[in-house]
Every structure is written in C-alpha cells, then in structure tokens.
Amino acid sequence: MIDQFINFVIRPPRAEYNPDLYLWEKDFTLAGRKYKREDLELRNERGHTLRCSHYVPSQFPDDTPLPCVVYCHGNSGCRADANEAAVVLLPSNITVFTLDFSGSGLSDGDYVSLGWHEKNDLKVVVSYLRSNEKISRIGLWGRSMGAVTSLLYGAEDPSIAGMVLDSAFSNLFDLMMELADVYKIRLPKFTVKVAVQYMRRAIRKKAKFDINRLDCMQVAPKTFIPALFGHAKDDKFIHLRHSEAIFKSYAGDKNIIKFDGDHNSSRPQFYYDSVSIFFYNVLHPPRPPSAYPTKGEKYYDLGDLKVSAGRNEDLLYKIIAGLQNVSTDAASSSSVPPSIATMKSVGELLSDIAPVATDSLATEDDTHTGNSRSLVQDKQSTQNEECCSYTSSNRESWGRCSSLGSDDEPSMDFTRATDYDQTTIKVLATPLRNTQQSTLSSPKDEKKKKKASTDTKKSKREKFEKLEALSQRLRLCILKRVNHRRHCSS
C-alpha cells in the first residue's frame, strides 16, 4: 500500500498522446488571425529531452518583439493542457510556450518531482526564450504542480513579469498527511507520520528530491513578482487553504480568485478573462491589429478558399450574382437577373465584388453623417451602437475557430473607434453657410428632407443586411470547419 502511495506521488498516470491530434494544428486561425505551432526539443541539466511547442503568429511584427507566457501543466498533464491558454492569450498578441516536464508526456524521465526538478526544466525554457530576439517579457502560468514550479522558479528569477498560480499546494509533507485523511487510511496519526517518513526516504532514493524541502511557504515571503492566485472552492485534492496561506505570506503585488468547482474541473470564463487582463497589464503586448482592416473585407473575405474542379461552382456563381445585384443596386425595368461571364474564375469574381461592396458600405457611412447640426445630436448614440454591432458580427461569425465555444475572448477591434471619431469630425466640420440655409428653410421643407433621408437610410440598411446574409451563406457553403478537441489527461 505504501508503494502505491509512493507511485501516486512520483509516478502518477502518464499522459500519452499524439501531438498532431491533441495539440493545435501546425497552422491554424484564431480570432481572424493566422498562427502556427513550432515544435522543438530542449535538454535539461540531467540530460533529459524535453518536448516543447511554441504558439506564435504566422508573421511576427517587423520591429516589435512579443511577450511570451510559459504554461506549466500538472503532475498527470502534458503540453496539450495549454490549448486553452493559447485561446485566451494569442488574440492579445501574447505568444504561448508549453512543454512536457521531465517524467511527463513525451519527454524523457521516469519520475515527476511535483516542482523540485521541474523548476530546472523551466529554467532551461526561460533561457531559450531569453535568447530569442523576437520575445520581450516573459510570464508564467501554472496549474497544480505547474503552479508550484512557477513559484519556486519565480523566487530565483525576479525578471519574470507576472505569474498565474492555479491550485498550488503550500507544503508537500502537509499535503501527503492530508491525503491520508482524504483516502481514508485508517491508521493512527503517529503511524501515518512514520509511514510518510519511510516514503520520504524511498522518494529521495528513486526521484532524487526531499519532500520536506518542497515548501512554498519558505519562498513566498521572498518573491515580489506580481501574481494572480486561483483556486476552486470545492477542491478536495489540494484544499483552498493552501492557496490562502501562500497568498497571505506572498510579498509581491497579489490578487486571489475563488471559483466553484474542484481540482480538475474546467475554469469559469470570468477567471480566464481575469487572467487575460492580468497578463495584458504586466506584459504590455503591442496592440493587436484588426482582423479586418476595412468594413468591406469582412463581407467578401472567404479565408483560405481554393476552388477546384471538384467543387460545385454553379452555386458559387449564383451567390456571387446575388452579391453583385445587391451591392450595385441595378434598378432595371427588366426582371431578369444579371448574368455572369462564365470565363471568369470565382476568385476574379470575388475581387470584382470587393470594391463594389466597399463603396456600398462607404455610402452607408455617409448616411450617418447628415447635413445639419440637428441630425448630429439624434444620431451620435445610434452610430456607436451600430459600430459595436459590426464588431460583434465580425468576431462571432467569422473571427473564431469552430471549437472555441465562448465568444468572450479578449479580441479587440481598435479601428472601429477611430472610424467613429473621423465620422464625428466630418459632421462637426459642416460649413456655416449650409447651417444658415437650413435654418432659413420652412418647417415643411425640413420635414420632407428628414423623411427623404429616413427612406434613403432604410433602403441602404436593407441592402446592407442582404449583403451580409449572402456573404454568410457563401462562407457556409465553402468553408470546412475543423473540430479541435482538448486533450483530457488521466
């Protein structure tokens, strides 16, 4: 029974997985931007090979290095556990590095040490990232054993910008004594202590570390790195009081988040939002570019579209014909729809639609500006709401992979506010002569003008909605969705 408990500490079930199936693809799209997975191998001080992955943008900014967060998994985990971290951080221009610690996953080694030797593995990773000119600040995100690893290493390297510590234990000896009660080992306390001392000697012989020296309470008062603690309220494996004790003695800037669930349950969305905001504040990443620089692009961009002979191009031509009909608004007495020259390829037809769609959207923006000061006051609030709705449609419809689930990731569209400010400036720059003429006009003329502008706005809005619906239909007919599955370790 004691041998089983020893293996429970230093040889838990090992995660075996296929990187091509359980990690993000070599090239993938997230929040409307393209990223890639770079696999590499590092060697630690004990000569073990560490299998690692680095999620980075497909093209780094030319003159701006990006920060990086190293994700540290638990005792039975692997680098596939960082898939959620990639979803949370990549849209904020923060790269994600993850690894299989020695004795875990696909890396070399026979035993885990719950943070003691993993601290040295993390040192090798940080040294590698320091040598990369494309990486600026470095943060740590650890869960369970990974949280202890991050805290132990952070006490030795004050250059770390920030740490997220999820479900860390305060002292390994105390944790083993508590687990004896959790698993209902019916022995007197004195007998349990003797058994733990025997286990201490056996673990020192096999895994080469002392469980009595694995104490986070000794390093917490000496660590000044900004830290965000997280712990589940119903955690029976590592009780909440462990994180509370570390948090109380921690010397640096700190905050703690308590949420529902147990040790292995998925974390709530507000916790991921807090993690994203924390790393954004401590790492200072450059502002991410918009996924769609112009309004027109989101209505005709089809992603990686490759039309081959095997596709049904007749359907594409019909939908493109509808796009051209709506965007150009060809008011003809004939009821026959415009025909498309079959000699043109689908890609050429899409490029033909692009400038027309952009002009239509530009006309839509002009209807918001108005011609008098009286219309400005009535429309400023509605303009802001419509800009937000455009951004939401962009993010929810086409800016995400099919497996992301929630729509609350911290993706930002900073061009919307700029467009709105420019529109407001144009409105406020109306010549005084035009305003004087509008004040001299009769009330009947003003009512007619207001009615005409309302009708024009309504017709443009209908065209705008038709264009969006047809564009969505076109994408749904073409794109293939890939379901990403997060690896669940044993």
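A residue counts as buried when its relative accessible area is under 20%. Keep that in mind for the first number. The protein chain has 490 residues, and 48% of them count as buried. One caution before I go on: this is a predicted model.

Now the overall make-up. The protein chain holds 17 helices and nine strands. How far apart in sequence are the residues that touch? Take contacts between residues at least 6 apart in sequence: 76% of these join residues at least 24 apart.

Next, the cores. The largest nonpolar core has 62 residues. Which of them touch the most other members? They are Val70, Phe97, Leu172 and Phe209. Helix 6, residues 172-182, supplies the largest share of this core, with seven residues. There is also a second, separate core. That one has 35 residues, including Leu89, Val96, Val164 and Phe278.

Let's stay with Phe97 for a moment. Leave out its neighbours within four places in sequence. Phe97 then contacts Leu40 and Leu42, and also Cys52, Ser53 and His54. Further along the chain, Phe97 meets Cys68, Val69, Val70 and Tyr71. Val125, Tyr128 and Leu129 are in contact with Phe97 as well.

On to a helix pair. Two packed helices are described by the angle between their axes and the distance between the axes. Here the pair is helix 4, residues 118-130, and helix 5, residues 145-154. The angle is about 65°, and the axes are 9 Å apart. Angles of 65 to 115 degrees count as roughly perpendicular. So helix 4 and helix 5 are roughly perpendicular to each other. Their crossing is right-handed.

Which residues meet there? Helix 4 brings Glu118, Lys119, Leu122, Lys123 and Val126. Helix 5 brings Met145, Thr149, Ser150, Leu152 and Tyr153. By type, the residues of this contact are five nonpolar, two polar and three charged.

Last stop: Ser113. Where does Ser113 lie? In the loop between strand 5, residues 95-99, and helix 4. Is Ser113 buried or exposed? Its relative accessibility is 1%, so Ser113 counts as buried. Not counting residues up to four places away in sequence, Ser113 touches Glu118, Phe209 and Leu214. We have met two of those names already. Glu118 is in the contact of helix 4 with helix 5, and Phe209 is in the largest nonpolar core. One more distance: Ser113 and Asn75 are 38 residues apart in sequence, and their C-alpha atoms are 8.4 Å apart in space.

Note on methods
Residues are numbered from 1 along each chain as its sequence is written. This is a predicted model: local features need pLDDT of at least 70, side-chain atom pairs count only at pLDDT 80 or more; totals for chains, interfaces and linings use all residues. Side-chain values use heavy atoms; hydrogens and water are left out. A nonpolar core is a set of buried Ala, Val, Leu, Ile, Met, Phe, Trp, Tyr and Cys residues joined through side-chain atoms within 4.5 Å. Buried means under 20% relative accessible area, exposed over 50%, partly exposed in between (1.4 Å probe, protein chains only). Helices (H or I, at least four residues) and strands (E, at least two) are DSSP runs, numbered from the N terminus. Contact means heavy atoms within 4.5 Å. Axes are lines fitted to C-alpha atoms, for helices over the stretch in contact, and angles run from 0 to 180 degrees between N-to-C directions. Angles under 35 degrees count as roughly parallel, over 145 as roughly antiparallel, 65 to 115 as roughly perpendicular and the rest as oblique. A crossing is left-handed if the near helix is turned anticlockwise from the far one by less than a right angle, and right-handed if clockwise. Ala, Val, Leu, Ile, Met, Phe, Trp, Tyr, Cys and Pro count as nonpolar, Asp, Glu, Lys and Arg as charged, and the others, Gly among them, as polar.
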